Amino acid sequence: MKKILIIGGGGMLGQKLAQRIRTEQVFGSDVELTLFDQSFPPNGVVGTQIAGDIAAMGTAQDLAARRPDLVFHLAAIVSGQAETDFALGWDVNLMATWALLNALKVEHDASEGEYRPRFVFASSIAVFGAPFPDKIDDEFLSAPLTSYGAQKAASELLITDFSRKGYIDGLSLRLPTLCVRPGKANAAASSFFSGIIREPLNGAEAILPVADTVRHWHASPRSAAQFLTHAADLEIRLLQGRHALNMPGISCTVAEQIEALRNVAGQEAVDRIKHVPDPAIEAIVKNWPRDFQTDRALNLGFRAESSFEEIIRIYLEDDLNF
């Protein structure tokens, strides 16, 4: 039996991932699935649910003692909140990762090296900071200009070093902004990218806090779940010691997003978008990357959408049952 732990299993991506594991049986049918999070949605994916705080004392040790074969670490304080609550961001996004990796090392040492879990970490394109080239390639320097990006970058370094020492087999996936996210907006500065599509499709008004010339890098939640499961089976030797990967996606401007919405749902949906500038969000977003050339990930078999219209149609299919 394969023992799988999803940290952040109650969140949107955690639930998408758990659903893929359950319904598509990507790891077979003989799976013990454990979800850890602060809370879980009603009627969520079936599995052992453990409620708790990943940053609380003893939590990392308790989770590691279960000796999962595969750990997906998705839990995080999102970008906007990490920027406004400096201490909380570092406690959850870095120190909890440090505690978890150390707890897994303890289990590795206690097993005399036999226990060595696969560890897949949800990182972010926020690890990059301006000035940017036209396209960020696989050689571009990770130099974040936000607290959230710094916390993700620091976690990547930890995962690479713990992997180098043989305590885990770790990968960090630098996810694009996931769009269109179902449900309510969260505190992420990027949440409006989903909001300007999701709200109009649900008959509600959406607020656009930035200019429509802003360009960004996107993938669907469906693709993100596929990235994660693909990483779980990837041969570590193929990474050649570089354990962080830029994930593929779609680069488009906000105006192009809106045009895709018009093509899929008509002008009535577009008319529900209201431009209300927010200088705080504009300041964060301007330090984010806009476009990528993801040759390493593509050569390793990772795939994403080919257009933003496809991303919208996936939301309609997966979350609105159209």
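The model is a predicted one.

Strands of a sheet pair through backbone hydrogen bonds, either parallel or antiparallel. Seven strands make up an open sheet with parallel pairing, in the order 3-2-1-4-5-6-10. Its edges are taken by strand 3 (48-51) and strand 10; each has a single partner strand, so one side of each is left without a neighbour in the sheet. From one strand to the next the twist averages 20 degrees. Within this sheet, strand 1 (residues 2-7) pairs with strand 2 (residues 31-37) in the parallel sense over six bridges. I7 has F36 of strand 2 as its bridge partner.

Another open sheet has three strands in the order 7-9-11, and here the pairing is mixed. Strand 7 (177-178) and strand 11 (250-253) stand at the edges, each with a single partner strand, so one side of each lacks a neighbour in the sheet. The antiparallel part includes strand 9 (residues 215-219) and strand 11, which pair over four bridges. R215 stands opposite T253 in strand 11.

Helix 5 connects the description of the sheets to that of the helices. This helix lies across strand 5, strand 6 (169-175) and strand 10, and runs at about 160 degrees to strand 5. Helix 5 (residues 147-164) also packs with helix 4 (residues 86-110): their axes come within 9 Å and cross at roughly 10 degrees. Angles under 35 degrees count as roughly parallel, and helix 4 and helix 5 are therefore roughly parallel to each other. On the helix 4 side, the contact is made by F86, G89, W90, N93, L94, T97, W98, L101, N102 and K105; on the helix 5 side, by S147, Y148, A150, Q151, A154, S155, L158, I159 and F162. These residues divide into 11 nonpolar, seven polar and one charged.

How is helix 12 (residues 308-319) oriented relative to helix 8 (residues 254-265)? The two axes come within 9 Å and cross at roughly 55 degrees, and the helices are therefore oblique to each other. Helix 8 passes helix 12 in a right-handed crossing. Helix 8 contributes Q257, A260, L261, N263 and V264 to the contact, and helix 12 contributes F308, E309, I312, R313 and L316. By class, this contact has six nonpolar, two polar and two charged residues.

Helix 12 also packs with helix 6 (residues 191-201), at an angle of about 50 degrees and with the axes 11 Å apart. Helix 6 and helix 12 are therefore oblique to each other, and helix 6 passes helix 12 in a right-handed crossing. Here the contact is made by I197, R198 and L201 of helix 6 with F308, I312, Y315 and L316 of helix 12. Its residues are six nonpolar, no polar and one charged. F308, I312 and L316 of helix 12 take part in the contact with helix 8 and in the contact with helix 6.

Side chains of opposite charge can pair when their charged atoms come close. The structure holds 16 salt bridges. One of them joins E139 and R242, whose closest N and O atoms are 3.7 Å apart. This pair links distant parts of the chain, 103 residues apart: E139 is in the loop between strand 5 (118-124) and helix 5, and R242 is in the loop between helix 7 (221-232) and strand 10 (244-246).

Note on methods
Residues are numbered from 1 along each chain as its sequence is written. This is a predicted model: local features need pLDDT of at least 70, side-chain atom pairs count only at pLDDT 80 or more; totals for chains, interfaces and linings use all residues. Side-chain values use heavy atoms; hydrogens and water are left out. Axes are lines fitted to C-alpha atoms, for helices over the stretch in contact, and angles run from 0 to 180 degrees between N-to-C directions. Helices (H or I, at least four residues) and strands (E, at least two) are DSSP runs, numbered from the N terminus. Angles under 35 degrees count as roughly parallel, over 145 as roughly antiparallel, 65 to 115 as roughly perpendicular and the rest as oblique. Contact means heavy atoms within 4.5 Å. Ala, Val, Leu, Ile, Met, Phe, Trp, Tyr, Cys and Pro count as nonpolar, Asp, Glu, Lys and Arg as charged, and the others, Gly among them, as polar. A crossing is left-handed if the near helix is turned anticlockwise from the far one by less than a right angle, and right-handed if clockwise. Two strands pair if DSSP finds at least two bridges between them. A salt bridge is a side-chain nitrogen of Lys or Arg within 4 Å of a carboxyl oxygen of Asp or Glu.
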